Amino acid sequence: MSAMSDDRSGSGGLNRPRSNSDSPGRRALRRFLRHRLAVFGLVVVVLFLLAALLAPWLSPADPLQTSWTAIRKPPSAAHWFGTDENGRDVLSRVLHGARASMAAGVLSVTVALLIGVPIGVLAGLAGGWVDAVIARVADAMLSVPFLILAIALAAFLGPALENAMLAIAITASPIFVRLARGMALEARATDWLEAARALGNPPWRLGLVHVLPNIVPPLLVQATLSIAEAIIAEASLSFLGLGQQPPAPSWGSMLNSAQRFLTQAPWLAVFPGLAIFLVVLAFNLVGDGLRDALDPRGERR
Amino acid sequence: MIRRTLLAALASVAFAGAAQAQSLRIGLREDPDILDPTLARTFVGRIVFATLCDKLFDINEKLEIVPQLATGYAWEDPKTLRITLREGVRFHDGEAMDAEAVRYSLNRHMTMQGSFRRSEIGAMEAVEVVDPKTIRIRLKAPSSPFLSQLTDRAGMVVSPKAAEATGRNFGNAPVCAGPYRLVERVAQDRIVVERFDGYWDAARIHIPRITFLPIPDSTVRLANLQSGALEMVQTIEPDDMKAVQGNRRLRVVAYDELGYQSITFNIGNGPRANTAFSRDPRVRAAFELAIDRDAVNQVVFEGAFTPTAQPVPPANPYHAPGFRPEGRDVARARALLREAGVATPVPVEMTVPNNPDLRQVGEVIQAMVQEAGFALKLNTMEFASSLQAANRGEFETYLVAWSGRVDPDGNTWTFMHSQGGQNDGKYSNPEVDRLLDEARVETDVAARRALYGRIFEIALRQDRSRVFLWHRKNIVAHTARLSGFVPVADGLIRPQGLRLN
Amino acid sequence: MLGWLLRRIGQIVPTLLILSVLIFGLQQLMPGDPALILAGEERGDPQVLAQIRAELRLDRPLPEQYLHWVGRAVQGDFGFSWRIREPVAALILEKLPVTFQLAVMAFVIALLIGIPAGIVSAVRRDRPTDWLVNGVALFGISMPNFWLGIMMILLFSVQLGWLPPSGYVPLSEDPVQSLATTIMPAFVLGSGIAGVLMRHTRAAMLGALAQDYVRTARAKGLAERAVVGRHALRNALIPVVTLGTIEFGRLLAGAVLTEQIFTIPGFGKLIVDAVFNRDYPVVQGVVMATALIFVGLSLVADLLYMAVNPRLRAG
């Protein structure tokens, strides 16, 4: 009965073996490419990744170069995105900020997935006291406000971007534990997994081959949403001095400094804000495409 | 039609806010702590106390000590202070404010567990009741700052009857002899006080009710004032001054504070002090010479603050007039670094409490000292963490502010004396110690001023134990309907004489 | 059923115990000596510091501090706030209704926007409507609350003068004024959650619409509205319920920045101020209270599953 507690799929459907000459990978790729928006999203993500990697060459100016004669100047030919409160070029800072923010978003969610999913699947498949302990710890962690958990962790680890990312990853992992556990619980209850178990498949194989593919769609949705949350969380942490250290830029820290000048210099908030929006949008579109592509039922009607 | 009704409904909602015209609403920067004069610590708390609890003495806009619950004082000898008390003063509970109540209050400050006043009036040995209108305070040793302590919370007199009844919970229902009494307090939301009819100076109290509202975000605080949801805000950002000045319905008053912004250097506190920067005053001199105070002030604070080289602000009679900032000199800074024989860039870390303007100050200084040959790394930290780091010596330099005291001793001794509790950098020079102790007992103003001048020459110019950057400003904004506000450097909002039209 | 319910309630106790150890451990990790913070500008006096430590039992060994606190807590005594000396339990009871009202309003806004938007977007998949709805939803997610909040204050309070810029009036005192003070923060909070709900509803709806039984229903010639409403939506709601209860729980504790901007004296503000002032009794009390609400909510979620999906009742 407890199987219901974390069920999220609602589909009840499971990965049934199919007979098809085409390999599953190629079919997935084809379905993904057919998804125009997803391709658009992928292009945007790749562009931002390139921007992050190539920032030193793309930037028109040094992102740390201050100029006391050009403070809070609106966008112009010389400074496309204007200058900030220290006279630094906002475009260059947005480009360089992509490094910190993309890393905070992508790496921390990846780590959260790597922590959360195996633990969740283990809990769901193992059941018994293992499940009970994992589920209670995840509940406990979920109920501690993010800020307290993150301050304590980041402060303990020391103020630095990498540590902030680790703190974000740890605080984001319980939600993946819960999602993965719920799906694994559901899978465990099916005849079909019973059969696989009876055939002598080891537990890791059950988890990897039979459970994981089924939990990918909701995980993808959550992961793409979590990337957005992680980028904003980096902003909160840098607000507390625990994220990217000044004067190095991150989109979050740029937004924080912009708060003081929302009325006098709105471009300080608009450009990093727009960057966050585009990246979040792109990741979600890619997530949609991937979900459709990987979902065996996803053949278009 | 529906739209119009909706608009009308919204408008009526908006006007409901403005209807309480007889009440003064003041926006505070943060929620005050406990409202017990003995246990209170925060600056915003003092603003509320200005309505609740009168003090033996007060200070005026010229920073002179003037009588409040007292009527006068006299030094019988350098260790004996006689204070005469005002007659006919009653506490909010109707009890009489007399010499016995003053003795009780001073002893409460001295003996109550967790008292924050004990260190302020630590020079006090005993209080004697001479007659119901006179007390005599005996000091352990002569102390020039002592009287000024009685202009703040240590000078507040509480009703002994109420204090005995409520004990440690007195702060939830304070009973003093101030012009207003506490009506209600909802933590983090509001503190409401109403006029006390039995107040001794009732003729100067014109506003029946004052509500204090803690609003931490400065943009929102200002928005409340602009939209008429507040009549007054305790402080706004220098950036916002222009917007207020351009508004006919609002007034803004900016005036120097009692305190300062400074950079503490770790000179002898733990292993972090084992650097060329900590050992060699020339390296620190180069650091200071690389900073252009005026430029930082312009860039970050729109030029609103007052650049300084010393802890005592210009309005204070003990300000050392000849001791001024040297002005930026990168060439000299580089020469000093060469002379000191250090390899450039010299790595230095600066701990910065994490608020947006201090972070910007850090970034500006970082860029400035870089030109002189320093690689400054900023360590932004949430305030609580930075305090502990400083206390434990886990810092190299620390950008920190002090709210300031009327008497110069409160701005110097604890930070510069080798025994000082807030000497986080553990600066120690026996000559400075001796001069600081001497200034504590010197009563002649000119002689005392000269002592502080010499202290600054040694501790700052010669030893470069810390850098004083500027005196900030109290920037109070209020509606044009409010009149009678007198700016005093301590930043308090005194209700006496305030009127709301 | 009763057995299940009892077992579920029984699990709350170990969760709270784990949490109490966790929060005590976290406090030890946090830098910032509470005595230094409490001493404020008086921190220079070692006597003052020693006295504070003794009074707050900070000088005792950690296990003793923990046991002392747990011993009192099980009797419902969460101690006093170090900063303002009010009982923690009273503070929690004072702030909870405020945040609860805000959370309910935000959640209603989120549901009213998020679920219909998710359905429309799934049904109109890959058409301009879908793109538009997705764009707006993701904008809601990626826009920081403080930005939206300040913009709304500047527009509706300063420019138009329609709504009070900040503060809070209790519902019992003046319902109209109470709604006026909470509508903006509720919208700010709700808009972000609406985006999350929309994305999950859309995903679940797409999954459900591809199911065999929906195809069957469609093939049987049922009206599209009935197919979507009765068959697909019902199943799609399950993950929405899970996420919804998590998000509602987060609203109670996580409305920190929004409460800060709009100066709503709620739970989030209580937590933040307590953390920054190292007011540990308040931190502990608040965390335990949110945890209790959280586990209560996940119980509610389970009950809701059974309501929306009778199939699970058997399982």
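The structure is a predicted model, in which local features need pLDDT of at least 70 and side-chain atom pairs count only at pLDDT 80 or more, while totals for chains, interfaces and linings use all residues. Residues are numbered from 1 along each chain as its sequence is written, and chains are lettered from A and ligands numbered from 1 in the order of writing. The phi of C:R278 is near 50°, a positive value in a residue other than glycine. C:R278 is placed in the loop between α13 (267-276) and α14 (280-308) of chain C; helices are DSSP runs of H or I with at least four residues, strands are runs of E with at least two, and both are numbered from the N terminus.

C:R57 also has a positive phi, of about 60°, although it is not a glycine. The place of C:R57 is the loop between α4 (46-55) and α5 (62-73) of chain C. C:R57 is exposed, because 12 other C-beta atoms lie within 10 Å.

## Two crossing helices in chain C

The axes of helix α8 (residues 145-159) and helix α9 (residues 175-209) of chain C come within 10 Å and cross at roughly 145°. Axes are lines fitted to C-alpha atoms, for helices over the stretch in contact, and angles run from 0 to 180 degrees between N-to-C directions.

From α8(C), the residues C:N145, C:L148, C:G149, C:M152 and C:F156 meet C:M184, C:P185, C:V188, C:S191 and C:G192 of α9(C); two residues are in contact if their C-beta atoms, placed from the backbone, lie within 7 Å. By class, the contact of α8(C) with α9(C) has six nonpolar, four polar and no charged residues. Ala, Val, Leu, Ile, Met, Phe, Trp, Tyr, Cys and Pro count as nonpolar, Asp, Glu, Lys and Arg as charged, and the others, Gly among them, as polar.

Chain A has 10 helices and zero strands. Buried residues make up 55% of its 301 residues. Of the contacts in chain A with a separation of 6 or more, 72% join residues 24 or more positions apart.

A:V286 lies in helix α10 (residues 267-294) of chain A. A:V286 counts as buried because it has 24 C-beta neighbours inside 10 Å. Leaving aside residues up to four places away in sequence, A:V286 touches A:A38, A:G41, A:L42 and A:V45. A:V286 and A:I115 are 171 residues apart in sequence and 22 Å apart in space, C-alpha to C-alpha.

The mean pLDDT of chain B is 91, and 96% of its residues reach 70 or more; pLDDT is the predictor's confidence in each residue, from 0 to 100. Over residues 1-21 of chain B the pLDDT is below 50, and this stretch has 13 contacts in the model beyond near neighbours in sequence.

Helix α6 (residues 218-226) of chain B is mostly covered, with nine of its nine residues buried. The cover of these buried residues includes β1 (23-28), β11 (232-233), β12 (250-256) and β19 (473-479) of chain B, together with α8 and α12 (256-262) of chain C. After α6(B) comes B:G228, whose phi is positive, near 85°. Elsewhere in the chain, the peptide bond from B:T344 to B:P345 is cis, with omega near -5°. B:P345 is in the loop between α11 (330-340) and β15 (346-353) of chain B.

## Buried positions and the nonpolar core

B:L436 lies in helix α15 (residues 430-441) of chain B and counts as buried because it has 24 C-beta neighbours inside 10 Å. Not counting residues up to four places away in sequence, B:L436 touches B:T412, B:W413, B:M416, B:H417 and B:I455. B:L436 and B:L451 are 15 residues apart in sequence and 7.9 Å apart in space, C-alpha to C-alpha.

The largest nonpolar core has 305 residues, of which B:V157, B:A286 and B:A290 touch the most other members. Helix α6 (residues 161-188) of chain A gives the most to this core, with 17 residues. A nonpolar core is a set of buried Ala, Val, Leu, Ile, Met, Phe, Trp, Tyr and Cys residues joined through C-beta atoms within 7 Å. Among the residues that B:A290 touches, not counting those up to four places away in sequence, are B:R328, B:V330, B:A333 and B:M368.

Definitions and conventions. A residue is buried if 20 or more other C-beta atoms lie within 10 Å of its own, exposed if 12 or fewer, and partly exposed in between; C-beta atoms are placed from the backbone.
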